[in-house]
Amino acid sequence: MSARDAIMGKLRKTLGAGADDATRRETVAKRLAKPPKGIVPERGQGSDAHKVKLFCQMAEAVAASVTRVRSPERVPKTVSDYLRAKNLPASVRMGADRRLKAMPWDKLKSLELKYGPSDGFDEVGVSHAFAGIAETGTVALLSGKDNPSTVNFLPEHHIVVVDAKDIAGDLETVLSGLRRKFGKGGMPRTLNFVTGPSRSGDIEQKIILGAHGPRALHLIVVG
Amino acid sequence: MEVTSPTFKQNAVHALHDAQLQKALGNVRAGFIDKRRKAADALPEFDALRDAARDIKDHTLAHLDLYLEAYEQKVTDSGGHVHWAETAEDARRIVLDICRMQNARTVTKGKSMITEEIALNDFLQLAGIKAVETDLGEYIIQLRNEHPSHIIAPAVHVNKDQVEADFRRVHDYLPDDRDLTEPETLLDEARRVLRAQYFEAEVGITGANFLVAETGSSVIVTNEGNGDLTQLLPRVHIVIASIEKIVPTLNDVSQILRVLARSATGQDMSVYTTLSTGPRRKGDPDGPEQYHVILLDNGRTSMLGTEFQDMLRCIRCGACMNHCPVYHAVGGHAYGWVYPGPMGAVLTPSLIGVDKGGHLPNASTFCGRCESVCPMRIPLPKMMRHWREREFERGLNPATQRYGLKIWAAFAKRPRLYNFVTSMAIPLLALFGGRKKRFSFLPLAGGWTRHRDLPAPESRTFMQQWRERESGKQRAAA
């Protein structure tokens, strides 16, 4: 008997599957087809303006920094300002995401753009978020052909662009958005929910930023 | 790993006299409790979410076979491989086979209690494969050749000067004047060393906080980012998870996530919550080429349908040990196996047997704080009581304890005799207690008075006082 059969056999014996198996199967199929919404915190509900404001507050509370800009055209300049303020080399790594590519990077002559996955030697990575979550100040990042996940983890500084209209009040709204994008039960290979820069409290419970992931997380909210 | 749970009492005595440990344990008392309280208080829905989280797991456990089937199908559909393992040995063998197919010489590991449970590192080492722990705390204890003393803060028993000494010993190429006196500089050193390992490893191994039946995803929740680099950079990603990690849908994950980080570290959300689904897709610029999940039983199916089933709701947040006065006093290693604190006291006898782990449920004052903070509302004290009963039934506790309990039972079952004896003994004890009303020495109670005074009783028994109070009330009513 295979290990699978042995484990399943024990489970079925204990769970009393058999006579009422059809009912149990129906219950499971139903839940998978229509996931229950559950309890959604009040905190993230309200107007769009409230959501964006809360998102920025919550992100700053977990040591991310935030800049708001009016349009995507302003993003490259904001990135370059950030590099200068932090005394970083004028070079950024990013995926070939078309939202990022459409931005007027060429206006910044001195800025070097590197496309593709990170090799671990990048000071700064730039990603575009699928969504923001106001209740916790979280950004959701999807992997894909133009969105290497390594950019989210290897650079010392991670800059994430998020559209204000994509900032949801709660996690459930973003999950529904994923189901719309990838179809029911579909997912990208990697979905990263990122809430602040990397940290560790493993030595004497003292929280230090920059454990293995980026030391700093900078969010640019567009719109 | 060697099981020292049977000598819990000696371990505890040892721990109480360990000055470094006692200093480090101060951080547990100071750190975790306030943070959790603040995070929970800031979310009005917190207690309702605990109920929801409990109900989700109860529902899942009642349909576990079917959700496992659905999950397996989704993993396979996304190009991943599912392996089933009944025992720790089976799981280790599967890991080794995958590593051998890759000619792997180095594997990186994300923090995972399940790989501690199956003692994976030692096994791989014997097979000639270097296993590198990448979580800072795990890395520290790996250098020290120790095991985690806490399920989310594995090196909580270590002080920074000890870490410095370990780094100097192992990273012996460091110049003497390199400053390693602060957590920041120690972390930088670990970060530098481990960066190279992520790229060198052929295989990355992580655990899972959840497995999602709806999508076939494995979820890890971390703060450092090491788990992500572990599952992202090597050619092969292996997930090891016990079967009860399944949850039905993404929405169910969301409900439990809201109580997990708040209960564990007092964060609203951990820094990285990552869902991995299958291997690298066509056109993806990075990600592992192979994705394997090992579903491990190792005793879980035997807990299902018993009085210990509720323990399978546990999400390993550590809140129970963070709030446990016994854990605060002796730390995690005294428990003698992988899982310490109240959750360990319940789980250990289930997984390694009551004959070896039966002492642990006695390591409780039954104060109930663990249950009061458990995000999954697991009745930990009740289950410890069940284990004590089993231990007694099987005659596993020492003779003095058994006779003591029998004598006590003889009195407790005869109320008149009990009242008579206590009404004689209590005033006598009260008298000897003197003006201080404390005993610094009492025959047969040396185990207590060696460390602290025993308060002397009031001059009358509870029953006497109660009767007087009640009759007083009646008089007042009349």
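Seven cavities of 30 Å³ or more turn up in a search of the whole structure. The model is predicted: local features need pLDDT of at least 70, side-chain atom pairs count only at pLDDT 80 or more, and totals for chains, interfaces and linings use all residues. Residues are numbered from 1 along each chain as its sequence is written, chains are lettered from A and ligands numbered from 1 in the order in which they are written, and side-chain values use heavy atoms, with hydrogens and water left out.

Rolling a probe the size of a water molecule over the atoms shows where empty space is left. Here a cavity is a set of points, on a 1 Å grid over the protein atoms alone, where a 1.4 Å probe fits but cannot get out; a pocket is an open set with protein on both sides within 12 Å along at least five of seven lines; lining residues have an atom within 4 Å of a point. Grid points are joined across faces, edges and corners, and a volume is the space filled by probe spheres set on the points.

The largest cavity holds about 90 Å³. It is lined by 15 residues, and Cys314(B), Cys317(B), Cys320(B), Met343(B) and Cys374(B) are the closest to its centre. That lining has 13 nonpolar, one polar and one charged residues. The classes are simple: Ala, Val, Leu, Ile, Met, Phe, Trp, Tyr, Cys and Pro count as nonpolar, Asp, Glu, Lys and Arg as charged, and the others, Gly among them, as polar.

The second largest cavity has about 80 Å³. Of its 14 lining residues, Cys324(B), Ser364(B), Thr365(B), Cys367(B) and Cys370(B) lie nearest the centre. Two or more residues come from each of α15, α18 (369–373) and α19 of chain B. Helices (H or I, at least four residues) and strands (E, at least two) are DSSP runs, numbered from the N terminus. The lining of the second largest cavity counts 10 nonpolar, three polar and one charged.

Now the open space. Among the chain B helices that supply at least two lining residues each are α1 (8–16), α15 (325–330) and α19 (380–393). The largest share, six residues, comes from α21(B). By class, the pocket lining has 19 nonpolar, 11 polar and five charged residues.

Next, the chains. Domain bounds come from an automatic or database domain assignment. Chain A has domain 1 (1–34) and domain 2 (46–222), with C-alpha centres 41 Å apart. Chain B has domain 1 (43–298) and domain 2 (412–477); their C-alpha centres are separated by 53 Å.

The contact (heavy atoms within 4.5 Å) involves 102 residues from chain B and 76 residues from chain A. About 7,600 Å² is buried between them, 57% of it given by carbon and sulfur atoms. Buried area is the accessible area (1.4 Å probe) that two parts lose on being put together, summed over both.

A salt bridge is a side-chain nitrogen of Lys or Arg within 4 Å of a carboxyl oxygen of Asp or Glu. Arg4(A) pairs with Glu72(B), closest N and O atoms 2.7 Å apart. Arg43(A) pairs with Asp268(B) at 3.1 Å. This pair runs from the loop between α2 (21–33) and α3 (48–61) of chain A to the loop between α12 (250–264) and β9 (272–276) of chain B.
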